[in-house]
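Please read this briefing with the sequence and the 3D view side by side.

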Amino acid sequence: MVEIRNPKPEDEGVWRELWAGYNRFYEANVPEEATAGTWARILDPGSAIFCRLAVRDGAVVGFANCVVHPSTWSTLSSCYLEDLFVSLDARGTGAGRALIQDLIDQGRAKGWRRVYWHTRQDNAVARRLYDRFAPADGFVRYVINLA
């Protein structure tokens with residue numbers, strides 16, 4: 001059984017371990033100030049950024065870092081699932097599915113227009129999970145790094 005809950009300040013260490021695994025997977029080098037800032041915003045109830053943790057057998061095994069934002073296509077807010085990660089040893093236990101379903105349930109309860117995310121095209125394992133929720137929409141992403 002997987003429980004989904006909000007993070008607590010004492011979850012920082014395990015969140016950082018999972019965050020490091022997520023960044024290794026994407027071959028990303030996120031500066032410490034960005035990591036610390038993200039954690040601070042996650043704990044700030046006034047921030048648009050929030051996090052949900054997956055807990056299995058008393059241990060945090062995954063996270064979903066999200067941003068709720070307004071949309072130009074609707075008067076309802078959208079939830080961007082920016083980062084989703086489940087520890088290697090907890091994959092296949094339903095933690096990823098539970099994190100996504102939790103966001104869908106929250107969105108319905110809070111009146112969001114949509115929950116959306118993206119992943120690398122070659123991320124076959126994650127895409128098998130994602131395809132159970134919705135088909136890929138065919139959009140191509142363009143990124144201009146300004147910093």
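A residue is called buried when its relative accessible area is under 20%, exposed when that value is over 50%, and partly exposed in between, using a 1.4 Å probe and protein chains only. This is a predicted model, in which local features need pLDDT of at least 70 and side-chain atom pairs count only at pLDDT 80 or more, while totals for chains, interfaces and linings use all residues. Residues are numbered from 1 along each chain as its sequence is written, and side-chain values use heavy atoms, with hydrogens and water left out. Helices (H or I, at least four residues) and strands (E, at least two) are DSSP runs numbered from the N terminus.

**Cysteines**

- The structure holds 0 disulfides, a disulfide being a pair of cysteine sulfur atoms within 2.5 Å.
- The closest cysteine sulfur to that of C66 belongs to C79, and because the separation is 4.2 Å, the two are too far apart for a bond.
- C79 is buried, with a relative accessible area of 0%, and C66 is likewise buried at 0%.

**Nonpolar cores**

- A nonpolar core is a set of buried Ala, Val, Leu, Ile, Met, Phe, Trp, Tyr and Cys residues joined through side-chain atoms within 4.5 Å.
- The largest such core has 22 residues, of which A54, A64, C66, L81, L84, L99 and I100 touch the most other members.
- Two or more residues of this core come from each of β1 (2-5), β2 (49-56), β3 (59-69), β4 (78-86), α3 (95-110) and α4 (124-133), and the most, 6 residues, come from α3.
- Apart from neighbours within four places in sequence, I100 is in contact (heavy atoms within 4.5 Å) with L81, L84, W117, L129, Y130 and F133.
- A second, separate core of 14 residues includes L18, W19, I49 and F85.
- As general background, nonpolar side chains in soluble globular proteins tend to be buried together.

**Helix α3**

- With 16 residues, α3 reaches 22 Å from its first C-alpha to its last, which is close to the 22 Å expected at 1.5 Å a residue, where the expected span is 1.5 Å times one less than the number of residues.
- The buried residues of α3 include A95, G96, A98, L99 and I100, and its buried residues pack against β1, β2, β3, β4, β5 (114-116) and α4.
- D102 is found in helix α3 and counts as buried at 13% relative accessibility; leaving aside neighbours within four places in sequence, D102 is in contact with I4 and R52.
- G111, which follows α3, has a positive phi, near 80°.

**Salt bridges**

- Where a salt bridge is a side-chain nitrogen of Lys or Arg within 4 Å of a carboxyl oxygen of Asp or Glu, the count comes to 6.
- One of them joins the side chains of R5 and D11 at 2.7 Å, N to O, and both of these residues are buried.
- Another pairs E12 with R16 at 2.9 Å, N to O; being 4 residues apart in helix α1 (residues 12-25), E12 and R16 are separated by about one helical turn.
- R16 also meets E32 in a salt bridge, again at 2.9 Å, N to O, and this pair links distant parts of the chain, with R16 in helix α1 and E32 in helix α2 (residues 32-43), 16 residues apart.
- Salt bridges with shared partners thus join E12, R16 and E32 into one network, in which E12 is partly exposed at 28%, R16 at 25% and E32 at 46%.
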